[in-house]
Amino acid sequence: MGVYGFQSFTQYFIRDKFSDQDPIQFTQFVMGSFVVVLIIFSLFAGKWSDRIGRKRLQVISSFVGALGAVLMIFASTPVQLILFGIILGAGLGIFLSTNWALANEMAPLGDVGKYVGLTNLATAGSAAIARLEGPMTDALNNLAPGQWWGWTALFAVSAILMLASALAMRKIPDFRVNRQPAA
């Protein structure tokens with residue numbers, strides 16, 4: 001859920017904090033950069049997770065994403081916004097690949113489809129719930145116009161959720177399953 005608030009409200013964030021930019025065009029550019037990096041890192045993450053383990057890479061992705069979210073709080077130029085968004089995109093790209101791979105690895109043989117379905121529900125559910133951050137963001141922004149406390153809170157909550165994800169990984173066993181395909 002940590003990154004979906006950014007994805008949902010990027011245009012408003014840009015409109016508020018980067019008023020010298022066209023919010024629609026600059027949002028397209030920022031999100032385009034974000035998605036390209038996300039795709040690249042999700043492709044590499046598959047290979048990396050085979051080498052260093054899915055759990056470890058999942059934790060690393062949480063720290064990378066949290067770093068990107070914290071840096072977003074301090075973005076004051078368009079270049080910084082793009083660079084910090086790229087860090088956030090790298091974290092999400094790694095997370096998505098390893099998250100799905102880990103869910104498949106942990107699933108009992110014969111029930112992988114159920115686990116993939118549950119992982120898909122969790123991903124879609126977190127994207128939907130993240131939109132509830134909008135009223136919090138608006139309320140905090142309206143408390144002190146021009147201070148952008150709402151945007152600070154949105155990115156702080158994102159970072160906290162990503163770090164909580166890393167913390168939750170402690171309960172996941174570190175194992176590698178050598179599955180043989182069904183004949």
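This is a predicted model: local features need pLDDT of at least 70, side-chain atom pairs count only at pLDDT 80 or more; totals for chains, interfaces and linings use all residues.
Reader: Is threonine 137 buried or exposed?
Author: The cut-off for buried is under 20% relative accessible area. Threonine 137 has a relative accessible area of 2%, so the residue is buried.

Reader: And which residues does threonine 137 touch, not counting residues up to four places away in sequence?
Author: Good follow-up for a residue that is buried. With residues up to four places away in sequence left out, the partners of threonine 137 are Gly150, Trp151 and Leu154.

Reader: Where is tryptophan 148 found, and what is its phi near?
Author: Tryptophan 148 is found in the loop between α6 and α7. Most residues other than glycine have a negative phi. Tryptophan 148 has a positive value instead, near 60 degrees.

Reader: How does tryptophan 148 count by relative accessibility: buried, partly exposed or exposed?
Author: Buried needs a value under 20%, and exposed needs one over 50%. Tryptophan 148 comes in at 23% relative accessibility, so the residue counts as partly exposed.

Reader: Let's turn to aromatics. How many aromatic pairs does the structure hold?
Author: Rings pair here if their centres lie within 6.5 Å. On that basis, the number of aromatic pairs in the structure is eight.

Reader: Why is the pair of phenylalanine 6 and phenylalanine 155 classed as it is?
Author: The ring centres of phenylalanine 6 and phenylalanine 155 are 6.0 Å apart. Planes under 30 degrees apart count as stacked and those over 60 as edge-to-face, with the rest as tilted. The planes of this pair are at 50 degrees, so the pair is tilted.

Reader: How many residues apart in sequence are the parts that phenylalanine 6 and phenylalanine 155 tie together?
Author: Phenylalanine 6 lies in helix α1, and phenylalanine 155 lies in helix α7. Phenylalanine 6 is buried, and so is phenylalanine 155. The pair therefore ties together parts whose separation in sequence is 149 residues.

Reader: What about the rings of phenylalanine 18 and phenylalanine 26: at what angle are their planes?
Author: Phenylalanine 18 and phenylalanine 26 are both buried. Their ring centres are 6.4 Å apart. The pair is tilted, because the planes are at 55 degrees.

Reader: Which residues have the most contacts inside the largest nonpolar core?
Author: The largest nonpolar core has 29 residues. Helices α1, α2, α3, α4, α5 and α7 each supply at least two residues of this core. Those with the most contacts inside the core are Phe6, Phe34, Met72, Leu81 and Leu88.

Reader: Which residues does leucine 88 touch, not counting residues up to four places away in sequence?
Author: Leucine 88 is among the residues with the most contacts inside the largest nonpolar core. Leaving out residues up to four places away in sequence, leucine 88 touches Val3, Phe6, Phe34, Gly65, Gly68, Ala69, Met72 and Met162.

Reader: By class, how many nonpolar, polar and charged residues does the lining of the second largest pocket have?
Author: The lining includes Leu102, Met106, Leu118 and Ile172. By class, the count is nine nonpolar, three polar and no charged residues.

Reader: Which residues does asparagine 99 touch, not counting residues up to four places away in sequence?
Author: Asparagine 99 is found in helix α4. With a relative accessible area of 19%, asparagine 99 is buried. Beyond residues up to four places away in sequence, the contacts of asparagine 99 are Gln58, Thr119 and Thr123.

Reader: Last one: how far apart in space are aspartate 174 and glycine 53, C-alpha to C-alpha?
Author: Aspartate 174 is placed in the segment after α7, and is exposed with a relative accessible area of 64%. Aspartate 174 and glycine 53 are 121 residues apart in sequence. In space, C-alpha to C-alpha, their separation is 8.1 Å.

How values were computed. Residues are numbered from 1 along each chain as its sequence is written. Side-chain values use heavy atoms; hydrogens and water are left out. Buried means under 20% relative accessible area, exposed over 50%, partly exposed in between (1.4 Å probe, protein chains only). Contact means heavy atoms within 4.5 Å. Helices (H or I, at least four residues) and strands (E, at least two) are DSSP runs, numbered from the N terminus. On a 1 Å grid over the protein atoms alone, a cavity is a set of points where a 1.4 Å probe fits but cannot get out, and a pocket is an open set with protein on both sides within 12 Å along at least five of seven lines; lining residues have an atom within 4 Å of a point. Ala, Val, Leu, Ile, Met, Phe, Trp, Tyr, Cys and Pro count as nonpolar, Asp, Glu, Lys and Arg as charged, and the others, Gly among them, as polar. A nonpolar core is a set of buried Ala, Val, Leu, Ile, Met, Phe, Trp, Tyr and Cys residues joined through side-chain atoms within 4.5 Å.
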